[in-house]
Amino acid sequence: MNPMDSEEPILRTLDSSGISKVQEMTIPGQESSEVSKTLQDAFSIFDNRLRHDHPACFAYMPSYPSPLAWIGDLLTSVFNVNAAMWNNSSGPSVVENTLLRWLADQAGLPQSAGGCFVSGGSMANMSAIVMARDNALPQRRRSDGVAYLSDQTHISVAKGLHMAGFCDYQIRTIPTDNDFRFNVELLNQAILEDKANGFLPFLIVGSCGTTNTGSIDPLHDLADLAEKHSMWLHVDGAYGASISLSETNKYLADGLGRADTVSWDAHKWLFQTIGSGILLAKHGWKLEKSFSIEADYIKTTRAPDGSTSFYNVSPELSRPSRAMSLWFTLKVLGHQRVGKMIDQGVTLASVAEQELIDLGDWEIVAPPTLSVVVFRYSPFNLSIDDKELDSINLAISKRLIAENVAAIFTTKLRGRTVLRLCVINPLVQQENIKQILQRMNQTAQKELGLHPSLKEAPITPISFCSDSLPHVQPMVQQE
Ligand SMILES: Cc1ncc(COP(=O)(O)O)c(C=O)c1O
């Protein structure tokens with residue numbers, strides 16, 4: 001069973017009888033079960049999934065882990081270190097601290113920066129909100145604090161605000177501009193208005209790579225505004241902060257290093273398995289203000305270099321040594337290669353945009369900034385109302401997945417149903433993208449009933465590059 005085999009279904013979901021079968025497999029029997037038989041069960045259970053690593057999966061932020069990350073994960077599990085306390089995990093803790101410092105350098109954060117690995121972007125965002133609350137809002141005035149998001153901010157931020165004790169009346173959602181970036185003018189007005197009404201604006205959450213369109217907020221402008229109003233600036237770079245590793249494109253994230261905190265998911269665009277999130281803080285010691293706590297049964301010993309145990313700078317106590325997989329991957333590949341793998345996504349998104357333009361009938365709703373392009377089938381010479389186009393675009397997405405052509409899911413932008421393609425997998429070649437979009441064009445025409453004969457048209461199989469060391473081959477060809 002090769003997870004990179006493009007013949008595999010991109011998405012398989014259990015039906016009712018499948019659910020019953022898996023339930024039967026789940027309940028442990030009185031008697032023991034053969035390891036080999038149980039492994040077979042595990043494979044058939046995992047068969048029912050979205051294959052994020054399928055080269056035709058462009059949905060969400062597809063997690064495409066390098067096989068090197070698998071090795072890193074295996075090491076993490078085998079050694080099973082509890083990276084909570086310094087003296088119990090000194091080796092992996094030094095790796096974690098050193099890697100965090102290195103990542104902070106890439107993002108442009110100052111020497112004072114620190115951080116921790118967490119399970120993902122949602123936990124990183126929530127932890128950053130807790131830090132903003134503790135550093136930028138007087139304890140007795142928490143109920144007056146106001147946080148500012150844009151209409152493109154990821155849902156995990158509002159969720160994190162609620163978990164950190166904030167109510168809906170304390171959250172402002174500011175409209176974005178035509179490029180889906182924070183409208184700084186409107187943000188400033190909202191802050192001034194809230195101040196005039198006795199509120200305490202304390203947090204601006206910018207995005208470096210929004211989920212819908214990959215847009216990057218004007219980070220310098222947000223930092224200026226945060227400084228002007230003495231507010232905390234958190235930048236959600238769960239997806240887009242990885243661009244900092246690209247020599248060619250890192251300028252896109254200029255200003256990221258001015259944030260007080262940054263979220264960064266290695267399981268998105270740093271080719272790690274799910275569960276690898278990062279929180280960076282401009283001033284590492286401020287993490288302790290929010291997360292440090294003592295107990296009689298845990299004695300904090302500081303490392304000779306002064307660093308503390310990770311349970312004092314992160315929300316968790318018991319925690320795996322999550323940094324090891326990313327370290328292993330970066331070490332083996334070298335960071336230049338990883339930067340080029342990231343660049344490949346940026347290039348492919350532009351190739352996709354050009355192909356859509358060449359095909360005609362496709363409106364580019366959000367041109368790529370990073371590796372996302374958003375578009376909509378909208379034949380120019382036909383007058384079809386927006387509602388009908390919404391259903392046609394949804395139908396296209398469903399048909400592509402039903403026919404196992406590609407996972408290109410819909411989202412909504414300014415109330416319209418649009419198609420969204422995010423390309424992260426470095427196995428994907430320019431030719432693959434073009435072929436898939438051509439197939440999508442045929443699907444769209446079928447949906448519109450323009451060319452019923454296309455239903456019988458032969459389908460050319462799309463052949464993807466596959467290799468036991470995925471991503472190495474395409475990169476070599478490019479160099
Ligand atoms: C911009 C952004 N922030 C945060 C998150 C949440 O990250 P996670 O799913 O790792 O919790 C996502 C997830 O896609 C995201 O795209």
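Among contacts in the chain between residues at least 6 apart in sequence, what percentage join residues at least 24 apart? The figure is 73%, where contact means heavy atoms within 4.5 Å.

1. Basis of the note. This is a predicted model, in which local features need pLDDT of at least 70 and side-chain atom pairs count only at pLDDT 80 or more, while totals for chains, interfaces and linings use all residues. Residues are numbered from 1 along each chain as its sequence is written, and side-chain values use heavy atoms, with hydrogens and water left out.

2. Confidence. The mean pLDDT of the chain is 93, and 92% of its residues reach 70 or more; pLDDT is the predictor's confidence in each residue, from 0 to 100. Among the elements of the chain, β5 has the highest mean pLDDT (99) and helix α15 (residues 472–478) the lowest (40). Over residues 1–5 the pLDDT stays under 50, and the model has 15 contacts beyond four places in sequence for them. Residues 451–458 also have pLDDT below 50, with five contacts in the model beyond near neighbours in sequence.

3. Overall dimensions. A compact globule of 479 residues would have a radius of gyration near 23 Å, and the 24 Å of the chain agrees with this. The radius is taken over C-alpha atoms, and the globule rule is 2.2 Å times the number of residues to the power 0.38. Along the principal axes, the C-alpha atoms fill a box of roughly 75 × 65 × 50 Å.

4. Surface and burial. The accessible surface of the chain comes to about 21400 Å², of which carbon and sulfur atoms hold 54%. Accessible areas come from the Shrake-Rupley method with a 1.4 Å probe, and for residues only the protein chains shown count as cover. Of the 479 residues, 55% are buried (buried means under 20% relative accessible area, exposed over 50%, partly exposed in between; 1.4 Å probe, protein chains only).

5. The seven-stranded sheet. The chain has 15 helices and eleven strands; these are DSSP runs numbered from the N terminus, helices being H or I of at least four residues and strands E of at least two. Seven of the strands form an open sheet of mixed pairing, in the order β1-β7-β6-β5-β4-β2-β3. Its edge strands, β1 (114–118) and β3 (171–174), each pair on one side only. Two strands pair if DSSP finds at least two bridges between them. From one strand to the next, the twist averages 20°.

6. Strand β4 and its partners. Seven of the eight residues of β4 are buried, so this strand is largely enclosed by the rest of the structure. Strand β2 (residues 145–150) pairs with β4 in the parallel sense over four bridges, and Gly 145 stands opposite Leu 200 in β4. Five bridges join β4 to β5, which also run parallel; here Gly 206 stands opposite Val 235 in β5.

7. Strands β6 and β7, and helix α5. Strand β6 (residues 261–265) runs antiparallel to strand β7 (residues 277–281), and five bridges join them. Asp 265 stands opposite Gly 277 in β7. Helix α5 (residues 121–136) lies across β1, β4 (200–207), β5 (232–236), β6 and β7, at about 175° to β5. Axes are lines fitted to C-alpha atoms, for helices over the stretch in contact, and angles run from 0 to 180 degrees between N-to-C directions.

8. Strand β9. All six residues of β9 (residues 372–377) are buried. In a regular strand the side chains alternate between the two faces of the sheet. Both faces of β9 are covered, with Val 372, Val 374 and Arg 376 buried on one side and Val 373, Phe 375 and Tyr 377 on the other. A hairpin of five residues joins β8 to β9; the two strands run antiparallel and share four bridges, and Glu 363 stands opposite Arg 376 in β9. β9 also pairs with strand β11 (residues 416–422) in the antiparallel sense over four bridges, where Val 373 stands opposite Leu 421.

9. Phe 271 has a positive phi near 65° although it is a residue other than glycine. Phe 271 lies in the loop between α9 (266–269) and β7 and counts as buried, at 1% relative accessibility. Asp 361, likewise not a glycine, has a positive phi of about 65° and sits in the loop between α12 (335–359) and β8 (362–366). Gln 445, in helix α14 (residues 430–448), is buried, with a relative accessible area of 16%.
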